[in-house]
Amino acid sequence: LSDSLKLQSITAYREYNNTWGTDDDFTPFAARGAQGFNDLDFWFVSQELRLNGKIGDNVEFTVGGFYSDQRSTYYTRQDIRYIAPGLNFQFDGNDPINADSKAVFGTVIVRPTDAMTITGGLRYTKESKDYTFVRLNYDGTPSVFLGALNGLTATYAGDKVDWRIS
């Protein structure tokens, strides 16, 4: 913007899919052992905006904001009947996960002399996260043994002020 005022934008985007299998009972018996299939779809975007400036020769500052949005879906098909032989511990999961973060921050650096630097910083962050369990039989009906988890959502929401003086 000028010799003493700069605006900086930092944008990130990431998307991927990861698929893997598991040997849940850790035995060498593939025909009798438990198995699992997993598929994770992940999406993330963030934006940070910073204003950096100088006041004279002895003061520098940065103020800015940050935002991120993250979404995932974790599909899993599990056969864990080895836990209780004869019971239907087979299930499909298709769990959505969401996480968001917002922050504002500022830092001031003052050099009263060539031999001394004083730095002060403040950041406020607000986050929220949720994970919803989906536990269904292979045919799509509610699981008798894992049904209590089906539709259960675990959530977190919080905020915090961090500071630094050096």
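## Salt bridges

A salt bridge here is a side-chain nitrogen of Lys or Arg within 4 Å of a carboxyl oxygen of Asp or Glu. The model is predicted. Across the whole structure, six salt bridges are found. One of them joins Asp 69 and Arg 71, whose closest N and O atoms are 2.7 Å apart. Asp 69 is buried at 6% relative accessibility. Arg 71 is partly exposed, at 46%.

Asp 92 and Arg 77 form another, with closest N and O atoms 3.1 Å apart. This pair links distant parts of the chain: Asp 92 is in strand β4, Arg 77 in strand β3, 15 residues apart. Asp 92 is buried at 13%, while Arg 77 is partly exposed at 31%.

Arg 135 pairs with Asp 95 at 2.9 Å between the closest N and O atoms. Arg 135 is buried, with a relative accessible area of 10%. Asp 95 is buried too, at 0%.

## Strand pairing

Strand β3 (residues 59–79) runs antiparallel to β4 (residues 90–113), joined by 21 bridges. β4 also pairs with β5 (residues 116–132), again antiparallel, over 15 bridges. Two residues separate β4 from β5 in a hairpin.

## Ser 101

Ser 101 sits in β4. Its bridge partner is Ser 68. Toward β5, Ser 101 stands opposite Glu 127. Beyond its neighbours within four places in sequence, Ser 101 contacts Phe 66, Tyr 67, Ser 68, Thr 125, Lys 126 and Glu 127. Ser 101 counts as buried because its relative accessible area, 9%, is under 20%.

Definitions and conventions: Residues numbered from 1 in each chain as written. Predicted model: local features only at pLDDT ≥ 70, side-chain atom pairs only at ≥ 80, totals over all residues. Heavy atoms only, no water. Pairing = 2+ DSSP bridges. Helix = DSSP H or I, 4+ residues; strand = E, 2+ residues; numbered from the N terminus. Buried < 20%, exposed > 50% of the residue type's maximum accessible area, 1.4 Å probe, protein only. Contact = heavy atoms within 4.5 Å.
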